[in-house]
Every structure is written in structure tokens, then in C-alpha cells.
Amino acid sequence: MYEKTFPNKRFKHTLEFLKKHITTSETVLDLGVENPFSKIMKAEGFKVKNTTGEDLDTDQTVFATEKQDVVTAFEIFEHLLNPFTILNEIKSDKLFISIPMRLWFSPAYRSKTDMWDRHYHEFEDWQLDWLLEKTGWKIIDRQKWTNPVKKFGIRPLLRSFTNRYYIVYAERK
């Protein structure tokens, strides 16, 4: 998954944001298979259960069978065709979502070798906010941050001051 780079800055910001709003006594359903960040959450004392790789666009049974205190969707919603349905199906009262933001100077990401590693949506912040509002969530807190890269060129320069990631903590209305 992170053969060439490890997103230390993103993981640091995400963990700090998570700790700001919930305690380790709360149970977490992390959308997506176990990954480096879910392992970090577990190492920090969070009780985390991951989904098992099912296609959440067509199979939302996990939300009927798993009732955790918190749902996390870190870097997941951009891969889904229908995040509206998933947001409606979540039974938990607390939700964390982080997304890579749409950048005007960079096309949507698409792996040519891995069908799961493609971005159908690259949201602007207002689009995710609207989606949450339409599905009955109230945003409690939000943050954005940049993702500078150690390369030369126009796009690397733009990445040094253009917000790339957006994270939201929301609660059911």
C-alpha cells in the first residue's frame, strides 16, 4: 500500500483529531480492511473492528450487524460510487471521515492495475459537508491540511500551500 511513501503527516493529524473527540473506551468500526492506520489506532488503545473487504456500494449488511459507538472512514469515500447510501445506513451516532480534496491542478487518481485503488469522487469540502447534511449528520469539527512533496515543479509548489486533506467529525442529528 505505501511502498514508496508513508503518510506520516496525514496519520499524525488524523490521530490527533480522533483523540480530540473520542476516548479509547468507545468502540470503532473502521470502514475498509485492516490497514496501517487501523493498526496505529489499535496500538493507541482504540477498540477497532474493520470491515472485511466487501463492496460497500452494493453490500451494507455490516451496518445492520455491527453497532459500534463510532464509524471511521479514512480515505474511503472517494473510492465509493454511492456514499449517500452508506451514510444513511450507519447506525452509530459518531462519524469521522477524511478525504483527499479535489485539486484543480491534478486529475482524479486512477490506478491502472488495481480496480479498488481508484477515486470516483474527489470532493471539495462543501460537497462532503452537503452530503453529510443531506444524510442527517451535523458537523461538529473539521480541519484541512496540506501535503507538500519533496519534488521540483509547479504542482509540487502548489501542494506546499494548497490544502489536500479534509477531515470531519460529525454526529447524528
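This is a predicted model: local features need pLDDT of at least 70, side-chain atom pairs count only at pLDDT 80 or more; totals for chains, interfaces and linings use all residues.
Me: In what sense do strand 1 and strand 2 pair, and over how many bridges?
Reply: In general, strands of a sheet pair through backbone hydrogen bonds, either parallel or antiparallel. Here strand 1 (residues 27-30) and strand 2 pair in the parallel sense, over four bridges.

Me: Which side chains of strand 2 point to the buried face?
Reply: The general idea is that side chains in a regular strand alternate between the two faces of the sheet. In strand 2 (residues 47-50), Val48 and Asn50 point to one face and are buried (under 20% relative accessible area; exposed is over 50%, partly exposed in between, with a 1.4 Å probe and protein chains only).

Me: What is the strand order in the whole sheet?
Reply: Six strands form an open sheet in the order 2-1-3-4-6-5, with mixed pairing. Strand 2 and strand 5 (137-146) stand at the edges with a single partner strand each, so one side of each has no neighbour in the sheet. The twist averages 20° from one strand to the next (angles run from 0 to 180 degrees between N-to-C directions, with axes fitted to C-alpha atoms, for helices over the stretch in contact). Inside the sheet, strand 3 (residues 70-74) and strand 4 run parallel and are joined by five bridges; valine 70 stands opposite lysine 94 in strand 4.

Me: Which strands does helix 2 touch?
Reply: Helix 2 packs on the sheet and touches strand 1, strand 2 and strand 3, where contact means heavy atoms within 4.5 Å. The direction of helix 2 makes about 155° with that of strand 2.

Me: How many aromatic pairs does a search of the whole structure find?
Reply: Six. Rings of Phe, Tyr and Trp (its six-membered ring) pair if their centres lie within 6.5 Å; planes under 30 degrees apart are stacked, over 60 edge-to-face, and the rest tilted. Phenylalanine 17 lies in helix 1 (residues 8-21) and phenylalanine 96 in strand 4 (residues 94-100), so the pair ties together parts 79 residues apart in sequence. Phenylalanine 17 is buried at 1% relative accessible area, and phenylalanine 96 is buried at 0%. Elsewhere, Phe11, Phe37 and Phe74 form one aromatic cluster.

Me: Which residues does histidine 21 touch?
Reply: Leaving out residues up to four places away in sequence, histidine 21 touches Phe96, Asp141 and Tyr169. Histidine 21 lies in helix 1. With aspartate 141, the C-alpha to C-alpha distance is 8.9 Å, for a sequence separation of 120 residues.

How values were computed:
Residues are numbered from 1 along each chain as its sequence is written. Side-chain values use heavy atoms; hydrogens and water are left out. Helices (H or I, at least four residues) and strands (E, at least two) are DSSP runs, numbered from the N terminus. Two strands pair if DSSP finds at least two bridges between them.
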